[in-house]
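Hi,

Here is the structure I said I'd pass on.

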Amino acid sequence: KVVAVIPARLSSTRLPNKVLLDIFQLPMIEHVRRRALLSQAFDEVYVATCDQEIVDYIESIGGKAIMTSTSHERASDRSAEALLEIEKI
């Protein structure tokens, strides 16, 4: 099984709330998620985040989200935590 994990958080220092900014009537994270789904390379696509607002949005559109710790300094750490949780599903 091939899984895509898209790390996302609201507390970006350069552009806060970037992942939920509207781009052509869709939040940025939805554009990224849709591109991953269109690739047909993945069996599943998850968004890994420490923000409930992102989880709520992704789940409201039928997507899959994994809640992660707020302590991660890098996207790769957030993705690794999410993969450990996905393995349990």
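Proline 7 has alanine 48, in strand 4, as its bridge partner. Keep in mind while you look around that this is a predicted model.

Zooming out, you'll find an open sheet of three strands, ordered 1-4-5, with parallel pairing. Strand 1 (3-8) and strand 5 (64-67) are the edge strands, each pairing on one side only. From one strand to the next, the twist averages 30°.

Now for the helices. Helix 2 (residues 52-60) packs on the sheet and touches strand 1, strand 4 and strand 5. The direction of helix 2 makes about 160° with that of strand 5. Helix 3 (residues 75-88) packs on the sheet too, touching strand 1, strand 4 and strand 5. For helix 3, the direction makes about 135° with that of strand 1.

One residue I'd click on is serine 79, which sits in helix 3. Is serine 79 buried or exposed? Its relative accessible area is 14%, and the cut-off for buried is under 20%, so serine 79 counts as buried. Leaving aside residues up to four places away in sequence, serine 79 touches Val5 and Pro7. That brings us back to proline 7, the bridge partner of alanine 48.

Cheers

Notes. Residues are numbered from 1 along each chain as its sequence is written. This is a predicted model: local features need pLDDT of at least 70, side-chain atom pairs count only at pLDDT 80 or more; totals for chains, interfaces and linings use all residues. Side-chain values use heavy atoms; hydrogens and water are left out. Two strands pair if DSSP finds at least two bridges between them. Helices (H or I, at least four residues) and strands (E, at least two) are DSSP runs, numbered from the N terminus. Axes are lines fitted to C-alpha atoms, for helices over the stretch in contact, and angles run from 0 to 180 degrees between N-to-C directions. Contact means heavy atoms within 4.5 Å. Buried means under 20% relative accessible area, exposed over 50%, partly exposed in between (1.4 Å probe, protein chains only).
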